[in-house]
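Subject: Structure handover and notes

Dear colleague,

I am passing on the structure that we spoke about, together with my notes on it. Please keep it open beside this message as you read.

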Amino acid sequence: MDSDDATPFGYDAFRRTCPSHTVLEMLASKWVYLTVCALRRGRLRNGELARKMEGITPKMLTQTLRVLERDGLVRREVYPVIPPRVEYELTGLGQNLAGLLSQIRSWAEEHAPDIKDARARASANHQDDMAVLP
């Protein structure tokens, strides 16, 4: 048995009904990923998160923060001031995850040129294949 096939915790993410499968589905969201990475350095307000993550809509940021809070990865603190002030920070579980996701982000940044080149080659090959068709 390959070590990747072992299920030491009694869960099997390859099974659709396994709870770990739903965790992977949640983690597959780029906004979940980027939000966790953004919060790794400490507390941020909603506006600070929105500015850090280009392209996220206010609705998507709110949904993402709710999912992360629901799943115990983010803690939301509301301050009783006017106007209301809300800050978000990672829980211990979220910090643990952030370490892993930061490694993936570093890999993506390091290898972005390689992937970009591979995509260009694949696109050129596809164009060549199309030119040969009658």
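The notes below go from the overall fold to single residues and their partners.

This is a predicted model, in which local features need pLDDT of at least 70 and side-chain atom pairs count only at pLDDT 80 or more, while totals for chains, interfaces and linings use all residues. Residues are numbered from 1 along each chain as its sequence is written, and side-chain values use heavy atoms, with hydrogens and water left out.

Overall fold

The protein chain holds 5 helices and 3 strands, where helices (H or I, at least four residues) and strands (E, at least two) are DSSP runs numbered from the N terminus. Read from the N terminus on, the order of these elements is α-α-β-α-α-β-β-α. Of the 134 residues of the protein chain, 25% count as buried; here buried means under 20% relative accessible area, exposed means over 50%, and partly exposed is in between, with a 1.4 Å probe and protein chains only. Among the contacts (heavy atoms within 4.5 Å) with a separation of 6 or more, 48% come from residues 24 or more positions apart.

Helix α2 (30–39) and helix α4 (residues 58–70) pack at an angle of about 75°, with their axes 10 Å apart. The axes are lines fitted to C-alpha atoms, for helices over the stretch in contact, and the angles run from 0 to 180 degrees between N-to-C directions. Angles under 35 degrees count as roughly parallel, over 145 as roughly antiparallel, 65 to 115 as roughly perpendicular and the rest as oblique, and α2 and α4 are therefore roughly perpendicular to each other. On the α2 side the residues that meet α4 are Trp-31, Val-32, Thr-35 and Val-36, and on the α4 side they are Met-60, Leu-61, Thr-64, Leu-65 and Leu-68. By class, this contact has 7 nonpolar, 2 polar and no charged residues, where Ala, Val, Leu, Ile, Met, Phe, Trp, Tyr, Cys and Pro count as nonpolar, Asp, Glu, Lys and Arg as charged, and the others, Gly among them, as polar.

Is Thr-35 buried or exposed? Thr-35, which lies in helix α2, is buried, with a relative accessible area of 0%. Leaving aside its neighbours within four places in sequence, Thr-35 is in contact with Met-53, Leu-61, Thr-64, Leu-65 and Leu-68. Thr-35 and Leu-49 are 14 residues apart in sequence, and their C-alpha atoms are 7.4 Å apart in space.

Salt bridges

How many salt bridges does a search of the whole structure find? The search finds 7, a salt bridge being a side-chain nitrogen of Lys or Arg within 4 Å of a carboxyl oxygen of Asp or Glu. One of them joins the side chains of Arg-43 and Glu-77, at 2.7 Å from N to O. Arg-43 lies in the loop between α2 and β1 (44–45), whereas Glu-77 lies in strand β2 (residues 74–79), so the pair ties together parts that are 34 residues apart in sequence. Arg-43 is partly exposed, at 33% relative accessible area, and Glu-77 is also partly exposed, at 30%.

Arg-43 also meets Glu-89 in a salt bridge, at 3.1 Å from N to O. This pair links distant parts of the chain, since Glu-89 is in strand β3 (residues 85–90), 46 residues apart from Arg-43. The side chains of Arg-85 and Glu-87 form another salt bridge, at 3.5 Å from N to O; Arg-85 counts as partly exposed at 28% relative accessibility, whereas Glu-87 counts as buried at 15%. Salt bridges that share partners join Arg-43, Arg-75, Glu-77, Arg-85, Glu-87 and Glu-89 into one network.

Cysteines and a cis peptide bond

A search of the whole structure finds 0 disulfides, a disulfide being a pair of cysteine sulfur atoms within 2.5 Å. Cys-18 lies in the segment before α1 (19–27) and is buried, with a relative accessible area of 8%. Beyond its neighbours within four places in sequence, Cys-18 is in contact with Tyr-11, Asp-12 and Ala-13. Cys-37 is buried, at 9%.

Lastly, a cis peptide bond, with omega at about -5°, joins Ile-82 and Pro-83, and Pro-83 has its place in the loop between β2 and β3.

With kind regards
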